[in-house]
Amino acid sequence: MKIRTSRFDPSIICLEADDSSPSEILDRLDSHGFGFAVFGEDVPEPMIVLDTRQGLTPDQMLAVEAHEVGHVLSGSADEPTAELHGVAILRLAGHHNAAELLLNRGIL
């Protein structure tokens, strides 16, 4: 597992999970798709977890990261809200192909 800060917000910790990650993380990824966010009043440092086991392209990984960062920055567990924030984050950073991936997923 690799630990870094998010490409989009250095205040958010990003865990890149792989086959060697703790089973609790892998089990949660298996039930939540390509990533999840941990944030809220009881969380001192927000974090996102990305699943690197899926063989996603770089643009797909950027889209997943931006979506999860969208949850944290919006403070919302709502998928469309996170998706809108993710699209804005990607466009602002110049990652237009990744933004299009989110727009075409059907959540918005």
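Glu-16 has a relative accessible area of 13%, so it counts as buried, the cut-off being under 20%. The model shown here is predicted.

Start with the charges. Side chains of opposite charge can pair when their charged atoms come close. The whole structure holds 6 salt bridges. One of them joins the side chains of Arg-4 and Glu-16, with N and O 2.7 Å apart. Arg-4 sits in strand β1 (residues 2–5) and Glu-16 in strand β2 (residues 13–17), so this pair ties together parts 12 residues apart in sequence. Arg-4 has 14% relative accessibility, so it too counts as buried.

Arg-4 has another partner. Glu-65 forms a salt bridge with Arg-4, and their closest N and O atoms are 2.8 Å apart. Glu-65 belongs to helix α2 and Arg-4 to strand β1, so the pair ties together parts 61 residues apart in sequence. Both Glu-65 and Arg-4 are buried. Salt bridges link Arg-4, Arg-7, Glu-16 and Glu-65 into a network.

Now look at Glu-65 itself. Helix α2 spans residues 58–74 and includes Glu-65. Is Glu-65 buried or exposed? With a relative accessible area of 0%, Glu-65 is buried. A polar atom of its side chain lies 2.8 Å from the backbone nitrogen of Arg-7. Beyond residues up to four places away in sequence, Glu-65 touches Arg-4, Ser-6, Arg-7, Phe-8, Ile-48 and Leu-50.

Ile-48 has contacts well along the chain, including Ile-12, Leu-15, Phe-36, Glu-65 and Val-69.

Elsewhere, a salt bridge joins Asp-30 and Arg-53, with the closest N and O atoms 2.9 Å apart. Asp-30 is in helix α1 (residues 23–32) and Arg-53 in the loop between β4 and α2, so this pair links distant parts of the chain, 23 residues apart. Asp-30 counts as exposed, at 54% relative accessibility. Arg-53 is partly exposed, with a relative accessible area of 28%.

Arg-28 lies over the face of Phe-36, 4.2 Å from the ring centre.

How values were computed
Residues are numbered from 1 along each chain as its sequence is written. This is a predicted model: local features need pLDDT of at least 70, side-chain atom pairs count only at pLDDT 80 or more; totals for chains, interfaces and linings use all residues. Side-chain values use heavy atoms; hydrogens and water are left out. Helices (H or I, at least four residues) and strands (E, at least two) are DSSP runs, numbered from the N terminus. Buried means under 20% relative accessible area, exposed over 50%, partly exposed in between (1.4 Å probe, protein chains only). A polar contact is a pair of N or O atoms within 3.5 Å; within protein, one must be able to donate a hydrogen and the other to accept it, and residues adjacent in sequence count only if both atoms are side-chain atoms. Contact means heavy atoms within 4.5 Å. A charge sits over a ring if NZ of Lys or CZ of Arg is within 6 Å of the ring centre and within 35 degrees of the ring normal. A salt bridge is a side-chain nitrogen of Lys or Arg within 4 Å of a carboxyl oxygen of Asp or Glu.
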